[in-house]
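Hi there,

Here is the structure I promised to send over. Have a look at it first, and then read my notes below.

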Amino acid sequence: MPAKDQPVIIVIPCYNEQQRLPVESLLALLEAGPPEVGFLLVDDGSQDGTLALLEGLARQRPQRLRVLALGRNQGKGEAVRRGVLAALEAAPAAVGFWDADLAAPLEEIPALLAVLRQRPRVAMVMGARVQLLGRRIHRRPWRHYLGRVGASLISLLLRLPVYDSQCGAKVFRADQRLSQVFARPFLARWLFDVEIILRYSRLFQAQSPPVSPLEAIYEQPLSSWCEIGGSKVRPGDYLRALGECYRLWKSY
């Protein structure tokens, strides 16, 4: 569970992605990829032609693509949250979310889903951008090093050896815990991924008997990840993330 023939829905939050969304890659996966995987494209109040683009794609593949339009911009975390809740209405075996630039290729999805099948105790699988021999991980140096500093601070906050909480490639087992984790809006705008881990950790500890996050959360190194130009993340956002770290520490 999830079995290979059970439905899986990947949420892709989109904000002003008309020029960046890799349409051909998305359609290629639908053509040749796992037939159980479908996509929910969430338009987060885009001000360009993103919504029209998404609706056009959904008309081409109505069985595998759906669009959720939020109407006004609410931020990536809320777009993901609303998308996950909408995806759960279809009773899938698993739900995930993926960054719209597809820096992590969609071909990585089966490897993350395989972890859920092979490890029944795992509730959340996170892609990790680890520069290992034989892997193709391309990232600008300043983002890599700032990311490593941030990851170290986040590990201290979580008290968990998390390598890459911010990678935009994640899948979840679609059970009651997932509904609880996404039930209410996130406190964090930039670090909502971290808040997801914190919420899961609380639920694991409340189980009887308690479950260690080390058993229920799994990081899967990606075989390929390539930074795409036009990212909305700026150096100053890392400073804002530090403030969010403190807020999450106080709240959780």
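**What I found**

Let's start with helix α2: its buried residues pack against β1 (8-14), α1 (23-32), β2 (37-43) and β3 (65-69). Before going on, please note that this is a predicted model, in which local features need pLDDT of at least 70, side-chain atom pairs count only at pLDDT 80 or more, and totals for chains, interfaces and linings use all residues. Residues are numbered from 1 along each chain as its sequence is written, and side-chain values use heavy atoms, with hydrogens and water left out.

Helices (H or I, at least four residues) and strands (E, at least two) are DSSP runs, numbered from the N terminus. Buried means under 20% relative accessible area, exposed means over 50%, and partly exposed is in between (1.4 Å probe, protein chains only). A contact means heavy atoms within 4.5 Å.

**Helix α2 and threonine 50**

Which residues of α2 are buried? They are Thr50, Leu54, Gly56, Leu57 and Ala58. Threonine 50 belongs to this helix, which covers residues 50-60, and threonine 50 counts as buried because its relative accessibility is 1%. Its side chain makes a polar contact with the side chain of aspartate 48, at 2.6 Å. (A polar contact is a pair of N or O atoms within 3.5 Å; within protein, one must be able to donate a hydrogen and the other to accept it, and residues adjacent in sequence count only if both atoms are side-chain atoms.) If you leave aside neighbours within four places in sequence, threonine 50 is in contact with Cys14, Asn16, Glu17, Gln18 and Asp43.

Two of those partners have notes of their own. Cysteine 14 counts as buried, at 1% relative accessibility. Asparagine 16 is found in the loop between β1 and α1 and is partly exposed, with a relative accessible area of 28%. Phi of asparagine 16 is near 50 degrees, a positive value in a residue other than glycine.

**Loops worth a look**

Alanine 91 also has a positive phi, of about 55 degrees, although it is not a glycine. You will find alanine 91 in the loop between α3 (76-88) and β4 (94-98), and with a relative accessible area of 61% it is exposed. Elsewhere, the peptide bond from serine 208 to proline 209 is cis, with omega near 0 degrees. Proline 209 lies in the loop between α7 and α8 (213-216).

**The cores**

In soluble globular proteins, nonpolar side chains tend to be buried together. A nonpolar core here is a set of buried Ala, Val, Leu, Ile, Met, Phe, Trp, Tyr and Cys residues joined through side-chain atoms within 4.5 Å. The largest one has 43 residues, and those with the most contacts inside it are Leu178, Phe182, Ile196 and Tyr200. Helix α7 (residues 192-206) gives the largest share of this core, eight residues. Apart from it lies another core, of 36 residues, including Ala103, Ala104, Ile109 and Leu116.

**The whole chain**

How many helices and strands does the chain have? There are nine helices and nine strands. Buried residues make up 53% of the 252 residues in the chain. The C-alpha atoms fill a box of roughly 45 × 40 × 40 Å, taken along the principal axes.

Happy exploring!
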